[in-house]
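Visitor: Please walk me through this model. Keep it brisk.

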Amino acid sequence: MGGGTACACALGGRGGAEAATRARWAERASSISFASPGPLILTQPVWCSWFPASSRRVAAEWAFGVRVVMAGYEYVSPEQLAGFDKYKYSAVDTNPLSLYIMHPFWNTVVKVFPTWLAPNLITFSGFLLVVFNFLFMAYFDPDFYASAPGHKHVPDWVWIVVGILNFIAYTLDGVDGKQARRTNSSTPLGELFDHGLDSWSCVYFVVTVYSIFGRGSSGVSVFVLYLLLWVVLFSFILSHWEKYNTGILFLPWGYDISQVTISFVYIVTAIVGVEAWYEPFLFNFLYRDLFTTMIIGKKSYKNNTLKHNSVYEVLVPFFSPCLLFVLSTAWILRSPSDILERHPRVFYFMVGTAFANSTCQLIVCQMSSTRCPTLNWLLLPLFLVVMVINLGVASYIENILLFTLTTAFTLAHIHYGVRVVKQLSSHFQIYPFSLRKPNSD
């Protein structure tokens, strides 16, 4: 955008102050690179009317400034873009289920897709199915009591739908890379897009599975599920931490096994009912204990070839996730209204979204061979909220803080994802969801 870009302003009143505002923001906007050049319209948001008349101009100017900065904000640095140009995919998959069953299956399935279909569309479709399952189950089991004795259970047909969609989502996640190689459209953006969405899918997947057992006398407590969620999150980031330090992605066995098993368990639940999971299947070992064991039973891998020399640099990617765990756990333990018991689904989602944002930043650094940021700025508002909670607040205030923080994290993460995809699409001169090439002009 050039310095002569027109800036229309409607701030209530006309005069020197408004002219100065237009000139000031036109100058600031001229230094920002936008994907789609065009005129900036400085309008007064509806919420500006909440302010006194004397403050509306300032509020509108601030809102416009935020829109200008965020619309053109670039998360990927020039150094990282240069690193993406040199990136080569390197992964190791030793899982027999994946090698001998799923990959042959995916090789057959991918032939069904037309060659004009962009791999990222397949990836995104699978992610949307995971999100749909999360929302679908939230409707029938909002507080995780539907599987408990004496409560209205989730209809059998819902388990069938969720099981089928979960397996389809898993299949789409397996064929997107094959479609990219089939259409000769493999790019670093595709891998980043795939793994970035996978990092966010962790919370959707775990929380949806929780409804099979739920909480109550026959289920798993919300705090135990919180800890199990963290096992899954740390297991996910471990693979990318290994790649950050070794340059090789060691694919975990747990992912394929858990996806196939859980898809099957959903279908079985529809046939035998949730009551079947109440009974022990071996001595006094309950199915809920098997669920816990399956989540905890993740692979571990040690490699002595590290790209970073100091222990500090090797461990930097864990700083933000560990701090997130400390802060979120402190909130649970110090909550005056027992926030996890009251709003477990929202709390899980808040944690999972913040974690996904930190993981995506690690993946960008890992793929571009640049240093991972020490801390994620999203943890600052969480830290402030925990400090306020520690001082003691009313229950309704704590609820507002949780929902506000969750909304802010979600919007911030979506903005991050959209901007990163736009930056890399522009850098590689491709469309993210189409195999057509942009015009050279």
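Guide: One definition before we start. Contact means heavy atoms within 4.5 Å. The model is predicted.

Visitor: Which helices do the buried residues of helix 15 pack against?
Guide: Packing here rests on heavy atoms within 4.5 Å. The buried residues of helix 15 are L379, L382, V385, V386 and I389. Their packing partners are helix 12 (319-334), helix 14 (344-368) and helix 16 (395-428).

Visitor: Why do the buried residues of helix 15 line one face of the helix?
Guide: An α-helix has 3.6 residues a turn, so residues three or four places apart point the same way. Down the axis of helix 15, the buried residues fall within an arc, so they line one face. That arc is 115°.

Visitor: Which residues are exposed on the other side of helix 15?
Guide: Exposed means over 50% relative accessible area. On the other side of helix 15, two names come up: L380 and L391.

Visitor: What distance does helix 15 reach from its first C-alpha to its last?
Guide: Helix 15 covers residues 379-391, 13 residues. At 1.5 Å a residue, 18 Å is expected. The model comes close to that, with 19 Å.

Visitor: Which residue follows helix 15, and what is its phi?
Guide: The residue after helix 15 is G392. The phi of G392 is positive, near 100°.

Visitor: What distance does helix 9 reach, and which residue follows it?
Guide: Helix 9 runs over residues 253-272, with 20 residues. Its reach is 28 Å, close to the 28 Å expected at 1.5 Å a residue. Buried residues in helix 9 include D256, Q259, I262 and Y266. Next comes a residue with a positive phi near 85°, G273.

Visitor: Which residues touch the most other members of the largest nonpolar core?
Guide: The largest nonpolar core has 90 residues. Helix 7 (residues 188-213) gives the largest share, 15 residues. The residues touching the most other members are Y204, W331, F347, Y348, M350 and L382.

Visitor: Which residues does F347 touch?
Guide: Residues up to four places away in sequence are not counted. That leaves Y226, S328, W331, I332, I339, L340 and L402.

Visitor: How many residues are in the second, separate core?
Guide: This core includes V110, I122, Y170 and V175. Its count is 10 residues.

Visitor: Is T171 buried or exposed, and which residues does it touch?
Guide: T171 is found in helix 6 (residues 156-182). The cut-off for buried is under 20% relative accessible area. T171 has 7% relative accessibility, so it counts as buried. Leaving out residues up to four places away in sequence, T171 touches F105, W106 and V109.

Visitor: What separates the C-alpha atoms of F428 and T187?
Guide: F428 is in helix 16, and is partly exposed at 22% relative accessibility. F428 touches F84, D85 and P188, with residues up to four places away in sequence not counted. F428 and T187 are 241 residues apart along the chain, yet their C-alpha atoms are separated by 8.2 Å.

Visitor: How many disulfides does the structure hold?
Guide: C360 is another buried cysteine, with a relative accessible area of 9%. The disulfide total for the structure is zero.

Visitor: What is the phi of N184, and what is that of D338?
Guide: Most residues other than glycine have a negative phi. N184 lies in the loop between helix 6 and helix 7, and is exposed at 74% relative accessibility. D338 lies in the loop between helix 12 and helix 13 (339-342), and is partly exposed at 39%. Phi is positive in both: about 55° for N184, and near 55° for D338.

Visitor: Where is the pLDDT below 50?
Guide: The mean pLDDT of the protein chain is 82, and 76% of its residues reach 70 or more. Where pLDDT is low, the predicted coordinates should not be read in detail. Beyond near neighbours in sequence, one such stretch has 45 contacts in the model, and another has 12. The stretches are residues 25-43 and residues 297-304.

Conventions: Residues are numbered from 1 along each chain as its sequence is written. This is a predicted model: local features need pLDDT of at least 70, side-chain atom pairs count only at pLDDT 80 or more; totals for chains, interfaces and linings use all residues. Side-chain values use heavy atoms; hydrogens and water are left out. Helices (H or I, at least four residues) and strands (E, at least two) are DSSP runs, numbered from the N terminus. The expected span of a helix is 1.5 Å times one less than its number of residues. Buried means under 20% relative accessible area, exposed over 50%, partly exposed in between (1.4 Å probe, protein chains only). The arc is that of the directions from the helix axis to the C-beta atoms. pLDDT is the predictor's confidence in each residue, from 0 to 100. A nonpolar core is a set of buried Ala, Val, Leu, Ile, Met, Phe, Trp, Tyr and Cys residues joined through side-chain atoms within 4.5 Å. A disulfide is a pair of cysteine sulfur atoms within 2.5 Å.
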